[in-house]
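Hello,

Here is the structure we talked about. Please open it next to this email.

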Amino acid sequence: QIQLVESGGGLVHPGGSLTLTCTASGSVRLIYSLAWYRQAPGKERELVAIISVGNTTNYEDAVKGRFTISRDNAKNMVSLQMNSLKPEDTAAYYCQAARWSEDKWIVYWGQGTQVTVSS
């Protein structure tokens, strides 16, 4: 099992910055990738950024150049640095960990942290 705990959400003005942090515990050595998803009210959950075991990263087009995902394996932590925030970035942000087991992916989710961008 893998447990994920997010922190760092809050209220920020447009153009501001926030850093989200997700700390993993449990069978962390099995984790292949860590990712951030977000879900706005009335919308489906969407992938924001992902970082794999080789530190390969991918971003949703809407956040490229503004958000940066990073991974600290020593601390079992993944962070999402969010700059130049826009009102449309308002959502609940969720950390996800994925591991490969018996020919299938198993994913774990954190409880989520709210980010609100508003003047």
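Below are notes on its aromatic rings, one arginine and one lysine.

This is a predicted model: local features need pLDDT of at least 70, side-chain atom pairs count only at pLDDT 80 or more, and totals for chains, interfaces and linings use all residues. Residues are numbered from 1 along each chain as its sequence is written, and side-chain values use heavy atoms, with hydrogens and water left out.

Aromatic pairs

The whole structure holds 3 aromatic pairs. Rings of Phe, Tyr and Trp (its six-membered ring) pair if their centres lie within 6.5 Å; planes under 30 degrees apart are stacked, over 60 edge-to-face, the rest tilted. Tyrosine 37 and tryptophan 109 are edge-to-face, because their centres are 5.0 Å apart and their planes at 70°. Tyrosine 37 is in strand β4 (residues 33–39) and tryptophan 109 in strand β10 (residues 104–109), so this pair ties together parts 72 residues apart in sequence. Strands are DSSP runs (E, at least two residues), numbered from the N terminus.

Tyrosine 37 is buried at 18% relative accessibility. Tryptophan 109 is partly exposed at 35%. The cut-offs: buried is under 20% relative accessible area, exposed over 50%, partly exposed in between (1.4 Å probe, protein chains only).

Ring pairs also link Tyr32, Trp100 and Trp105 into a cluster.

Arginine 45

Its charged end sits over the ring of tyrosine 94, 3.7 Å from the centre. The charged end of arginine 45 also sits over the ring of tryptophan 109, 4.6 Å from the centre. That calls for NZ of Lys or CZ of Arg within 6 Å of the ring centre and within 35 degrees of the ring normal.

Lysine 64

Lysine 64 is in the loop between β6 (57–59) and β7 (67–72). Its C-alpha atom is 19 Å from that of serine 33.

Best wishes

Technical notes:
Helix = DSSP H or I, 4+ residues; strand = E, 2+ residues; numbered from the N terminus.
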